[in-house]
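Please look over the sequence and the model shown below, and then work through the questions and answers that follow.

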Amino acid sequence: MGKRGSRSQSQLLNSLTKKQKKHLRDFGEEHPFYDRVSRKEGKPQICQLSESSDTSNSESEAESEPEQVSGYHKLLATLKNVSEEEKEEEEEEEEEEDSVVGDTEMNDEDDDSDVSVEEEKAAESTEMQENVALFADPEGKDGEGPPGISQESPEEFIDAKHESLFSLETNFLEEESGNDSSLKASQDPFLQHVNKGLKEKEIQAFATNPKTTHQLKWPVLGQLVFSSKFQKLETLKPPKHIDFESLHLQKPLGSTWTKTNSQFLSGPQKSSSPFTPLQKELFLIMNSYWDLFYPERTALKNGEEIRHVYCLHVINHVLKANAQVLGNNSRRRSQKLGVGDDDDFRDQGLTRPKVLIVVPFREAALRVVQLFISLLEGDSKKKIIVSNKKRFQGEYGSDPEERPPNLKRPEDYEAVFAGNIDDHFRIGVAILQRSVRLYAPFYSSDILIASPLGLRTIIGGEGEKKRDFDFLSSIELLIIDQADIYLMQNWEHVLHLMNHMNLLPLDSHGVDFSRVRMWSLNNWSKYYRQTLLFGALQDAQINSVFNKYCINLQGQVAVKNVPMTGSISHVLVQLPHVFQRMEVDNLASVIDARFNFFVNKILPQYRDAVMSHTLIYIPSYFDFVRLRNFFKKEELNFTHICEYTQKSGVSRARHFFLQGEKQFLLLTERFHFYKRYAIKGIRNLIFYELPTYPHFYSEICNMLRATNRGEEAAWTCTVLYCKYDAQRLAAVVGVERAAQMLQSKKNVHLFITGEN
């Protein structure tokens with residue numbers, strides 16, 4: 001019995017952590033936090049104490065006197081008999097285990113003799129509080145399963161109070177909202193889309209089917225390309241007159257849209273149609289659930305006009321989807337059907353979020369939410385309930401006084417960077433009848449509004465422990481607005497998002513599988529997702545996303561209007577433009593071919609001191625780093641400005657370049673996009689690559705006006721291009737001239753007089 005007892009005591013001792021041993025040694029008992037509680041009712045154990053003990057265990061526990069003899073004294077005596085060598089070995093092993101687990105301990109790497117009792121108590125108290133908080137909320141999400149609180153911003157607010165009020169499972173269709181007869185109409189495009197059946201053989205043949213295309217020209221949108229990889233391709237005819245009943249708008253949008261959109265309507269148009277000509281054609285495509293790519297959305301011209309019409313489509317889609325769920329809830333309650341008795345009740349996806357709107361800045365998210373409220377409220381006397389509205393205004397609004405009053409920038413810059421331009425945010429919005437819930441947990445939201453960076457911090461990457469993308473599994477409507485700005489932020493975030501769209505969730509998240517649509521269970525959601533892509537330019541990377549990730553079974557529509565003039569016509573200075581063509585074998589070799597062509601053919605012409613004040617405009621940051629390292633290696637007299645350069649460095653570089661102390665200035669496109677500084681002192685201009693934005697070409701060229709000292713004859717402008725730059729070249733020089741330049745395979749010299 002003695003051997004067995006000592007063996008069990010040693011096993012128990014070995015199972016204790018380092019902190020537990022210290023607490024046991026100092027206080028004679030194990031910390032109450034680590035008490036082992038068993039669900040099974042254990043038999044009482046009797047400990048025989050030494051004869052010197054004058055009190056029982058119960059009295060010791062009741063009075064909490066540490067000097068009383070307890071059942072842990074045997075373990076304590078055993079612990080004190082351990083040799084110093086064994087103690088050091090145990091501590092080293094435990095420190096190694098703690099380092100693997102990643103626990104952070106305060107002053108635990110020091111020897112026990114260096115740690116005072118007070119410090120140990122403080123450490124134990126801190127650890128106990130952290131562990132209690134961890135056990136109270138093991139997932140670290142404030143009791144909420146959905147994401148919405150990032151590790152980078154723990155103070156992020158999520159409304160979890162109104163869960164039952166906005167739950168689709170526990171609510172029913174109100175009488176004042178009307179019945180769901182409109183949803184039963186066979187002509188409703190929403191029902192036609194979600195009820196359209198797909199067969200297994202069609203999915204299997206999708207990968208090998210050739211893409212069928214058809215071109216049409218519409219009055220406002222211009223040249224449209226309809227395409228689909230499914231067997232039958234149906235095209236749309238341009239609308240002549242829109243009847244509200246034919247649009248199947250859900251209540252109350254039929255009455256609220258006219259007032260919300262009144263700012264874009266004028267005179268006779270206001271009485272004839274509630275849509276502008278552009279909105280009318282766009283909404284016909286949206287309401288038919290085609291994928292759409294519109295590359296002519298500009299902040300100055302039609303940005304708000306487009307935002308209004310896609311917000312109408314979003315609210316219409318969400319109201320119909322929720323009305324279908326609530327109506328089926330009422331039917332199930334009245335008919336008292338068992339779960340899974342009827343496939344007619346399959347009306348939802350694997351998760352609740354239906355719509356994802358990707359916008360670049362908080363200001364855009366603010367305007368989208370304001371439009372939602374306006375579309376649901378209109379001019380009715382009965383206001384809708386908006387939870388957490390004040391907090392939302394504070395976090396997504398802006399103070400006009402924060403902007404410098406004397407800051408002069410181009411009009412397009414003022415329009416893009418208006419309001420709150422924070423690019424790290426995400427918010428869930430739940431809509432139920434006449435109520436809007438802001439800051440809803442993601443898995444209780446109907447609409448998600450976020451930036452690419454805000455989504456990237458939730459989705460995470462391979463190997464990260466805390467990552468979640470299940471909320472993207474049942475997105476039925478994806479809107480990517482101002483896609484061109486993401487090229488200036490980080491396009492990798494957009495690609496990362498698209499790679500995680502409509503994947504099967506890793507967790508059920510409490511879904512009722514008897515209500516899930518079959519095509520969602522079959523992992524076919526990506527074939528039913530409608531994607532609306534809006535940008536300000538035709539770009540190969542944006543086109544690639546639309547062609548690769550937009551596979552809606554209804555088909556795709558892309559607006560492809562060719563620029564006839566080009567931005568070179570807006571150059572106001574007399575400047576010779578030399579377009580140097582470089583030959584490349586394939587797309588993968590363009591980067592190296594451009595660098596070698598510049599180093600061997602272009603740069604030697606500008607090494608002479610006569611060719612001073614040379615600005616090199618570089619769109620890609622990676623090309624900028626490569627050139628900067630090469631200039632350093634060759635010990636050339638240069639300075640550089642990029643988006644990461646501090647203000648002092650920018651001021652020094654501009655001063656040195658203006659005074660001629662530095663011969664070359666390397667300038668990145670992203671710096672020009674975010675700052676729009678006027679660089680003075682330019683005499684020679686080199687476009688290492690054609691700009692992403694066509695109007696940047698004329699803006700950079702027009703900077704030469706600031707150095708007008710009778711030296712116009714010595715000004716030069718050199719542009720590098722290849723056959724893969726066809727889209728950017730056409731946007732700068734016009735499509736006809738670009739076609740001639742690509743066919744001739746020779747360098748082209750153009751002279752702009754300022755009147756062309």
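Q: Which residue of E11 is the bridge partner of Phe 226?
A: This is a predicted model, in which local features need pLDDT of at least 70, side-chain atom pairs count only at pLDDT 80 or more, and totals for chains, interfaces and linings use all residues. Residues are numbered from 1 along each chain as its sequence is written, and side-chain values use heavy atoms, with hydrogens and water left out. Strands here are DSSP runs (E, at least two residues) and helices likewise (H or I, at least four), numbered from the N terminus. In E11, the residue that forms the bridge with Phe 226 is Val 557.

Q: In what sense do strand E2 and strand E11 pair?
A: Strands of a sheet pair through backbone hydrogen bonds, either parallel or antiparallel, and two strands are said to pair if DSSP finds at least two bridges between them. Strand E2 (residues 222-228) and strand E11 (residues 556-559) are joined over four bridges, and the sense is antiparallel.

Q: Which are the edge strands of the open sheet of 11 strands?
A: The order in this sheet is E1-E2-E11-E3-E10-E9-E4-E8-E6-E7-E5, with mixed pairing. Each edge strand pairs on one side only, and the two are strand E1 (212-218) and strand E5 (385-387).

Q: Is Lys 354 buried or exposed?
A: Lys 354 sits in the loop between helix H14 (303-335) and strand E4 (355-358). Because its relative accessible area is 7%, and buried means under 20%, exposed over 50% and partly exposed in between (1.4 Å probe, protein chains only), Lys 354 is buried.

Q: Which side chain is joined to that of Lys 354 by a polar contact?
A: A polar contact is a pair of N or O atoms within 3.5 Å; within protein, one must be able to donate a hydrogen and the other to accept it, and residues adjacent in sequence count only if both atoms are side-chain atoms. For Lys 354 the contact is 2.7 Å, and the partner is Asp 446.

Q: How many residues does the largest nonpolar core have?
A: A nonpolar core is a set of buried Ala, Val, Leu, Ile, Met, Phe, Trp, Tyr and Cys residues joined through side-chain atoms within 4.5 Å. Among those with the most contacts inside the largest core are Leu 356 and Phe 687, and the number of residues in this core is 77.

Q: What is the mean pLDDT of the protein?
A: The pLDDT is the predictor's confidence in each residue, from 0 to 100. While 72% of the residues reach 70 or more, the pLDDT is below 50 over residues 37-72; the mean for the protein is 80.

Notes. Contact means heavy atoms within 4.5 Å.
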